[in-house]
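The model is a predicted one.

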Amino acid sequence: MDFKVFDSKWQKKWKKAKMFEANVSKGKKFFITFPYPYVNGPPHVGHGYSAFRTDVYARYKRQQGFNVLFPQGFHATGEPIIGVVKRLNNGDESQIQAMHGYGATEKDIEGFKKDPKNLVHFFIKKWIATLEAAGMSIDWRRKFVTTTLTPTYSRFIEWQYNTLKEKGFVTQGTHPVVWCPKDLSPTGDHDRLIGEGESPVDYVLLKFTYLGYILPAATLRPETIYGVTNMWLNPDTHYVEADVDGERWIISNEAAQKLKDQMKVEIISDFDVKELFGKRCIDPVSNREIPILPSKFVGGDTATGVVMSVPAHAPYDWAALMELMDKDELQLYNTQRTDIEPVSVIEVEGFGELPAVELCEQMGIKDLSDTKKLDEATSLLYKKEFHTGTVKNSGQYTGTKVNESKEKLTLDFIEKGVANVMWEVGEVVCRCNTRCHVKILENQWFLKFSDEEWKKDVRTNLSRMTIYPEEARNNFENTIDWLRDKACARKSGLGTPIPWDREWIVETLSDSTIYMAYYTLARIINEKKVKPEKLTDEVFDFIFTGKGDTKKVAKASKLKLSILRDLRKEFEYFYPVDMRSSGKDLVQNHLTFFMFHHIALFPRAKWPNGISVNGYVNVEGEKMSKSKGNIIPLKSLLEQHGADMVRINMVGSSQGIDDADWREESVKAYRNRYDTLFQLSTDWKKAKKTKMENIDLFMQGKLQKIIESTTKSMESMMFRDAVQSALFEATSDLKWYLRRTGNLKNANKKVIKEYTGVIVKLLTPFTPHVCEEMWSNLGNKKMISGWPKWDSTRLSNEAELGEDMLKKTLNDIEDLQRIVKMKPKKIILFIAEDWKFRVYQKVLRNKDQNMNTITKEIMSSGAYGKATVSFIQSLYKKLNELKPVMTKSMQLILLKEAKEFLQRETNTKIEIIDADKTTNQKAKVASPNKFGIFME
């Protein structure tokens, strides 16, 4: 079946019926959102996973009877759009070809070059078309784009920052920021091509001295200075002599350039460090002389390019020393082995005196070539020592916990003038293709995330929020703990100017924290064409907090009283956000900022209720990357497979924070299952049976269990489990049912229609188009609504036990035929004697008692013979496998009903005999949980 043919048909019907337009009503609401995407490109397979998960949950809640608001806007703030336009204007051939690939004409590209807004609107159209083609259940009346391209949204952001400033959450000060030297502006996460999530890290610079020079060794572990054995410099790195705050420093050229934005730095000249190898520098803390040695593992682009060696606790240092010793090069640098003997300064459980040396030996590390193992060893040891280590052999700091010593040591060393601090960041590349570094920025505007009272309220709300999966909660707690003040403005790119300091623009992650509130207003603002100047701070105060007199606020702002009341009504009804669904990469920034801003700006009753976090997307088991060419446009997948197969193949591939995996071969598996369901939806009328037999009761009961398990999985957004239950388990049951009945004609029409209809409803959130088609095939005139409810009264354990027994019997017959290697003329099935059923039930009810006690109790009645003892012994051998069984009378009925089925499956005549009514010795092998089998 080509399921693509149903996509446009049902999308048109939904649109005509205004199925996804949510308005204020008396019904219970559910507000769910998915992050608005950057419109510097069309959606790809990575966007699809988070988007589809959100839509699946929105559809599920809608079927449950909620008035679901699922809106969608678009993000243009910051550098992404400007970066594309700059590359086009610079004639970047790869960017031009990319635009052609997205469907842009030469005329379009010329328009992009002239005005970024043309590019924004081009991609917004692409996004809307693709999301609609994917069957997203979005209320498009509420769409908008950030920046001054939507003046009313900019006015909303101005209110946000005016309010934050009034409450003391936006301050001006001096802080380290990730800085783009080309744009001369802070570079937030979403303004980066590379390095999202990277934050400034403070290195302690310990001032070793050599003949009036400072060798500032950069370290994250100042407590290890008492174990230093030598100094490392890279012979292939470009070093310079620089005047740094009046001192003569020897540092890498890269470090000097970066430090210019943190200290007063003047480069004096280049410096050839080769002349230092073999010389001695002075340890600033203990005044020991230590040798200066060469090693190429020292990165000139990391911190200062000067590294102190602590081989007892740093695997890289020990590996570098092993290289020198193995090459017998120490004497070239006037150094003896005794000069560089590792010194233990941290005691940690599970290791001896020299943890780094031990780890290198255990992992087979012999030199610096095995960087993967060295990184693994370093990470393992540093974490272990930081969290559980105790400082030793370190003067006044001996006995201090490692995780408590760094701050004290650093402050003491800085006060003594033997240390300084340098801020560094991992690899970060701005959207303008410039490598970024850390700048100590003065007079910058910051969000005061370090405020402990603010954090306290965020933690309080987090504790009551729903977090899916629950394991992500700890990540949020950790992020709240370490979060520091963050720059909230930059000087380049698109965005909303800071209202009181308009040379600064609110940066990307800072104007995208409470836009969910704007969704509640957007429909009215769009439809009534509300002017931005009428949306005063007093208007927003009234809408969001109820502050002020309605008539006075309306009069002062010149906004119609009816519109003001309606805006307030929309916000009051739909807020707070019930579920914010996004990728795990946003936990450490956007999703946490989302909580902070809501707590600061809205009444407690409007604080967020829930967040869902999901993993990334792989393609055929590999991470997506441009270099691998596996970033697949979502539009291409939809055109190839249709919306439903794309949706379920992505959403059903993973759950929790595990990464999803797009695999083409999986589409076939899904398609096969849906072919089965679709065929039943069209052919169900062929079923003629009306009598209810064991297999029918089995199907009714299994259906209730599938409803229960699917609903439980859906509620917690465990969609892989839901698909496993509602699709794979359900279709397997249907196949068994049709196998049991022989053909559809012998099936029970009522059972087959109900089962298929319920499964269709359960699968609708995943595959809405084909499900609507199947629902229509089943004779329903209206579109799908309502979520199936579990009914425990329709469970039938007896029926399920019976079907399991039949499956087991078929397997036993196959096994027996394989052993005896014969084709029987007849198969006799024996049903166990009455007394075995009584004994079996007695043992089952008393499994916690020992065999001798039960045997005595049973045999004391005098009603049982010697064979009973052997039977009891056989049951106790498999005691843990004993399960409830059908009564004997029900087993007789079951086999009578299933006789034709068994004959068909075995292609052999079947005879059924009650063991109580035969002298055939083979009947004695029958047990209540297993038919006796005899082949003639």
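**Strand pairing and helix packing**

Gly583 belongs to strand S25 (residues 579-583), which pairs with S26 in the parallel sense over 4 bridges. I then followed the chain from S25 to S26: the path passes through helix H19 (residues 590-601), and this β-α-β crossover is right-handed.

I next looked up strand S20 (residues 466-468), which runs parallel to S26 and is joined to it by 3 bridges. Here I noted Thr466, whose bridge partner in S26 is Gly610.

Is S26 itself mostly covered or mostly open? I found S26 (residues 610-614) mostly covered, with 5 of its 5 residues buried. Gly610, Ser612 and Asn614 point one way from the strand, whereas Ile611 and Val613 point the other way. Residues on both sides are buried.

I turned to the helices. I recorded that helix H23 (residues 694-715) packs against helix H27 (residues 797-820) at an angle of about 110°, with the axes 8 Å apart. Angles of 65 to 115 degrees count as roughly perpendicular, and H23 and H27 are therefore roughly perpendicular to each other. I noted their crossing as left-handed.

Which residues make this contact? From H23 I listed Asn694, Ile695, Leu697, Phe698, Lys702 and Lys705. From H27 I listed Glu798, Ala799, Glu800, Gly802 and Glu803.

Definitions and conventions. Residues numbered from 1 in each chain as written. Predicted model: local features only at pLDDT ≥ 70, side-chain atom pairs only at ≥ 80, totals over all residues. Heavy atoms only, no water. Buried < 20%, exposed > 50% of the residue type's maximum accessible area, 1.4 Å probe, protein only. Helix = DSSP H or I, 4+ residues; strand = E, 2+ residues; numbered from the N terminus. Pairing = 2+ DSSP bridges. Right-handed = clockwise from strand over helix to strand, strands pointing away. Axes fitted to C-alpha atoms, helices over the stretch in contact; angles between N-to-C directions. Parallel < 35°, antiparallel > 145°, perpendicular 65-115°, else oblique. Left-handed = near helix turned anticlockwise from the far one by under 90°. Contact = heavy atoms within 4.5 Å.
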